[in-house]
Amino acid sequence: MAAIYSLYIINKSGGLIFYKDYGSKGRMDTNDSLRVASLWHSMHAISQQLSPTTGCSGIELLEADTFDLHCFQSLTGTKFFVVCEPGTQHMEALLKIIYELYTDYVLKNPFYEMEMPIRCELFDINLTQAIQKDRVALSGR
Amino acid sequence: MIGVGKIKQYSNILDKPLSKGKQEVSLSAFAFLFSELVQYNQTQVDNIAELERRLEDAGYAVGARVLELLCHRDKGNRRETRLLGILSFVHSTVWKVLFGKVADSLEKGTEHEDEYMISEKELLVNKFISIPKDMGTFNCGAFVAGIVRGVLDGAGFPAVVTAHFVPMEGQQRPRTTILIKFAEEVLRREARLG
């Protein structure tokens with residue numbers, strides 16, 4: 001069944017501000033997740049330079065044989081990417097929903113410092129609900 | 001110029017009728033503004049009690065003005081003299097105008113005669129706010145407590161108003177209670193009025 005393995009949110013300088021894993025596969029300890037985040041940040045930046053055409057906004061989808069990686073970059077440079085099973089549908093829509101949750105429950109929180117790791121209870125609760133809803137919707141199809 | 005003649009010009013701005021105003025304000029705009037208010041006050045104080053007091057004072061100013069406006073606009077300049085009257089005014093009219101709905105419940109305190117509680121599942125001002133663990137029992141609803149105190153003070157019912165989180169079984173988020181403790185003179189006056 002199509003499933004999400006993990007979700008990463010990185011700030012505009014490439015530092016990991018949020019990491020959550022959802023499956024038994026792809027589980028990482030703190031150091032590894034930090035490394036993956038900065039690795040992805042650099043790859044994303046390099047791909048913008050590699051593009052033969054101008055106006056490239058970076059990698060949106062990476063397909064490998066054991067996983068897919070969908071990435072969404074906001075206008076401010078914050079990147080949301082999700083590692084999932086190959087062939088999972090509607091990840092872009094999910095990333096947009098997560099972005100909306102971020103703007104609501106993280107950015108409107110007066111106790112959140114910009115570019116710092118996210119420690120907002122409401123964000124966690126609503127994120128879990130969104131992922132749950134997505135999982136149910138996917139299994140229904 | 002077309003249309004200019006249609007607007008009635010008032011010679012004195014005080015003669016202009018008080019309009020109902022825009023009924024709706026962007027929630028996001030308010031959330032960001034309130035977030036900035038909290039952040040600004042955090043830089044000015046050393047401890048949480050001070051921060052709560054500052055938010056309450058900010059709310060007090062709002063409450064005093066809201067009372068004047070609503071008495072004129074919604075109640076036809078009638079003045080509430082009874083305790084239950086002013087409480088239901090706060091619980092319904094003030095809440096409706098400020099938050100778009102009446103408060104969830106209004107209860108009388110069981111332990112003390114002078115305590116009343118207005119409860120709300122989730123205060124509008126707290127909708128996007130997650131309190132970090134190290135801030136303990138701090139509640140940004142202190143702003144709303146200040147508004148209620150401003151309304152009650154202006155109406156002649158001095159009280160001490162505080163906002164508390166009350167954990168509920170079976171629910172992840174605690175509900176918020178605005179606790180109103182009236183001053184001695186209010187209760188004596190209420191007893192005299194019978």
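This is a predicted model: local features need pLDDT of at least 70, side-chain atom pairs count only at pLDDT 80 or more; totals for chains, interfaces and linings use all residues.

B:Lys101 sits in the loop between H3 and strand E1 (105–108) of chain B while B:Glu120 belongs to strand E2 of chain B, so the pair ties together parts that are 19 residues apart in sequence.

Next, select B:Glu113 and B:Lys108, whose side chains form another salt bridge, at 3.3 Å from N to O. Here B:Glu113 is exposed, with 59% relative accessibility, and B:Lys108 is partly exposed, with 39%. Elsewhere in chain B, the residues B:Glu50, B:Arg53, B:Glu56, B:Asp57 and B:Arg149 are joined into one network by salt bridges that share partners.

## Into the cores

Now select B:Trp95, B:Leu152, B:Ile178, B:Ile180 and B:Phe182, the residues with the most contacts inside the largest nonpolar core, which has 45 residues. Several elements of chain B each supply at least two residues of this core, among them helix H2 (48–73), helix H3 (83–99) and strand E4 (175–182). Apart from this core lies another, of 28 residues, including A:Ile4, A:Met91, A:Ile98 and A:Ala130.

If you centre the view on B:Ile178 and leave aside neighbours within four places in sequence, its contacts include B:Trp95, B:Tyr116, B:Val148 and B:Val161.

## Chain A and the interface

Move to A:Asp68, which lies in strand E4 (residues 68–73) of chain A and counts as buried, at 4% relative accessibility. The side chain of A:Asp68 reaches the backbone nitrogen of A:Gly87 at 3.0 Å.

Then select A:Asp104 and A:Lys108, whose side chains meet in a salt bridge at 2.8 Å, N to O; A:Asp104 is buried at 18% relative accessible area, and A:Lys108 is buried at 4%.

Finally, show both chains together: what do chain B and chain A bury between them? They bury about 1400 Å², 63% of it on carbon and sulfur atoms, with 19 residues from chain B and 11 residues from chain A taking part in the contact. Between the two chains there are 0 salt bridges, whereas 3 residue pairs are found in polar contact across the interface.

Technical notes:
Residues are numbered from 1 along each chain as its sequence is written. Chains are lettered from A and ligands numbered from 1 in the order in which they are written. Side-chain values use heavy atoms; hydrogens and water are left out. A nonpolar core is a set of buried Ala, Val, Leu, Ile, Met, Phe, Trp, Tyr and Cys residues joined through side-chain atoms within 4.5 Å. Buried means under 20% relative accessible area, exposed over 50%, partly exposed in between (1.4 Å probe, protein chains only). Helices (H or I, at least four residues) and strands (E, at least two) are DSSP runs, numbered from the N terminus. Contact means heavy atoms within 4.5 Å. A polar contact is a pair of N or O atoms within 3.5 Å; within protein, one must be able to donate a hydrogen and the other to accept it, and residues adjacent in sequence count only if both atoms are side-chain atoms. Buried area is the accessible area (1.4 Å probe) that two parts lose on being put together, summed over both. A salt bridge is a side-chain nitrogen of Lys or Arg within 4 Å of a carboxyl oxygen of Asp or Glu.
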